[in-house]
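Student: Could you walk me through this one? I would like to know the conventions as we go.

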Amino acid sequence: MFKILVSDPLSEVGLQKLLEATDVEVVQKTGLKEEELVQIIPEFDALLVRSQTKVTPAIIEAASRLKAIGRAGVGVDNINIQAATSKGIVVINAPDGNTISTAEHSFAMIMALARRIPNAYHSMMNGQWDRKSFVGVELNQKVLGVVGLGRIGTEVAKRAKAFNMKVVAYDPFLTEERAKKLGVTPASIKELVSQADFITTHTPLTKETKYLISTKEFALMKDGVRIINCARGGIIEEKALYEAIVSGKVAGAALDVFEVEPPMENPLLKLPKVIVTPHLGASTVEAQENVAIDVSEEILHVLREQPFKNAVNLPSIPENIIEKVEPYFALSEKLGSFIAQIAVGGLEEITVTYSGELTEIDTASLTRTVLKGALSYHLGEGVNYINAPHLAKNRGINVVEQKSTANKGFTNLIAVSLKTNQEEKTVAGTMLNGYGARIVKVDGYPVDLQPEGHLILVHHNDRPGAIGRVGTILGNNNVNIAAMQVGRRDMGGNAIMILSIDRPATPDVLDVLGELNEITSVTEIDL
Ligand SMILES: NC(=O)c1ccc[n+]([C@@H]2O[C@H](COP(=O)([O-])OP(=O)(O)OC[C@H]3O[C@@H](n4cnc5c(N)ncnc54)[C@H](O)[C@@H]3O)[C@@H](O)[C@H]2O)c1
Ligand SMILES: O=C(O)[C@H](O)COP(=O)(O)O
């Protein structure tokens, strides 16, 4: 039974999939303090949050069972991704479900700001009938600067076009072709801030976007510019915004998000030119259902070890690629584990070479899996698909992925070589149609072996009687040989035996084998 903690208010309808799942227990506890979460998190396999819960390194450190953190929404700046990745916890978000709601909210803020609706409302509710103080401006023909033309920025831009606005956009990933298709003018941040009448931000909050709009940018702006931020507090520096409003440079600002939330002591809230909402961009019935459904499905997939797509600490794998790589996951992991068990010394470099039909697909996920297999042997259970590349990097292990047209007669082939500070080892495997996974080469010797169970790899000199003597020693020690493979390059030269045995041989038995004259090395492998 998987235990899932929901620590922020999530749509009940959206959570239905989890509530109905027979292998899941859902505990909903909101408003917990960090220390309370640290106390209870060890019981849970997954944590579901919105933006209120700050998933700190201390919580992640205490989360001994946690496999996944799900964010019912887009921004994951409340989750310490680095700590989660190091611990091998997958972080999932729901990037699509609240796009329209947030774009509509941003546009509502643009219009409310242009026509001073909140101020007029407030005045009337206070018993006034003041028609002079709230003269607005039209959007028609005005320039809207969109900072970040991703999902939400694009939807805002489309709505602005419908209002006959001219849209300039700054986004490092905006291509000429896409800009043309959307009818927007690409611009640098400097060009954007100096041309726009309205500036709206739609980037995530990152090291690069923190204070992207600050004193320098305000100085370049037109007098009377209006600023909208429904993305994240901190993309616009609040202190600089405050000064630009007080100086008269900025005619108004509409803010849904703040550097500190809730923003109780924030001086911006005292300025009548500022209109605010309490982080409501995604707060619609539809968006909340969408994000909760999306994240619940994904969390179930992670826990049930089924493919998932929206991990923010993993490269996303498109569904058509998942179908193609999935059959190779088990083989990749076994190859990684096999090579780590036969190589002696400190790991320096692991190279994975794909050939045959594997040259045509994105194999990055398979390389991760090989790495997981190799590192698990040395580092134990804490290694998984998420933290394997991170752990390799931390230990200075170089990971190389390459494709080769030399398929050596196989429709698909994965060759793994491992360099240590003492030697280099190689192993290759394939998926045989109808027969499953096979190891087909070890250290350059051709073999044909199912990668599972207990194996003994013996390097020996190809002499008459060598195989018999190994069989006799194992038999005398009650170790049954289920299958055996012998490989050699030249008659009478170096050769290998790989024995598949029913139960592990004791170290004494392996020592006796190693003492035989013909034998140069004996290695036990567990797959
Ligand atoms: N107010 C809310 O309730 C609410 C709701 C949803 C999302 N958001 C915020 O909106 C942000 C955007 O959401 P989205 O779904 O459009 O994300 P997205 O990933 O689709 O778009 C973000 C865009 O920002 C661009 N970008 C990244 N760094 C940039 C930089 N330095 N300069 C300019 N552009 C840059 C990216 O290229 C991308 O196109 C989220 O990260 C989240 O923080 C807020
Ligand atoms: O990044 C997001 O998806 C929004 O900021 C929504 O946050 P919320 O889930 O707290 O409304």
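Tutor: Let me begin with terms: two strands pair if DSSP finds at least two bridges between them, and helices (H or I, at least four residues) and strands (E, at least two) are DSSP runs numbered from the N terminus. This is a predicted model, in which local features need pLDDT of at least 70 and side-chain atom pairs count only at pLDDT 80 or more, while totals for chains, interfaces and linings use all residues. Residues are numbered from 1 along each chain as its sequence is written, and chains are lettered from A and ligands numbered from 1 in the order in which they are written.

Student: Okay, which residue takes a positive phi in the hairpin of E16 and E17?

Tutor: Gly434 does, with a phi near 85 degrees, in a hairpin that has three residues between its strands. Strand E16 (residues 424–432) and strand E17 (residues 436–442) run antiparallel and are joined by six bridges, and Leu432 stands opposite Gly436 of E17.

Student: And how does E15 run relative to E16, parallel or antiparallel?

Tutor: Antiparallel, with six bridges joining strand E15 (residues 412–420) to E16. Val416 has Val427 in E16 as its bridge partner, and E15 and E16 also form a hairpin with three residues between them.

Student: Switching to the five-stranded open sheet, what's the strand order?

Tutor: The order is E2-E1-E3-E4-E5, with parallel pairing. Strand E2 (24–28) and strand E5 (90–93) are the edge strands, each pairing on one side only. Direction ignored, neighbouring strands are turned by 20 degrees against each other on average.

Student: Which helix touches E1 and E2?

Tutor: Helix H1 (residues 12–20) packs on the sheet there, and its direction makes about 135 degrees with that of E2. Contact means that the C-beta atoms of two residues, placed from the backbone, lie within 7 Å; axes are lines fitted to C-alpha atoms, for helices over the stretch in contact, and angles run from 0 to 180 degrees between N-to-C directions. Helix H12 (residues 285–303) lies across E1, strand E3 (46–49), strand E4 (68–71) and E5, at about 170 degrees to E4.

Student: Where does Pro9 sit?

Tutor: Pro9 is in the loop between E1 and H1. Pro9 and Arg50 are 41 residues apart in sequence, yet their C-alpha atoms are 7.5 Å apart in space.

Student: Now the ligands: what residues are around ligand 2?

Tutor: Among them are Arg50, Gly73, Asn98, His279 and Ser283, a residue being near a molecule if its C-beta atom, placed from the backbone, lies within 6 Å of it. By class, that shell has three nonpolar, seven polar and one charged residues; Ala, Val, Leu, Ile, Met, Phe, Trp, Tyr, Cys and Pro count as nonpolar, Asp, Glu, Lys and Arg as charged, and the others, Gly among them, as polar.

Student: How many residues are around ligand 1, and which come nearest?

Tutor: There are 31, and Gly75, Gly148, Gly150, Pro204 and Gly281 come nearest. Helix H5 (99–115) and helix H7 (151–162) are the elements giving two or more residues to that shell, and H7 gives the largest share, three residues. Domain 1 (2–96 + 286–303) and domain 2 (99–276) each contribute at least three residues to the shell around ligand 1, with bounds from an automatic or database domain assignment.
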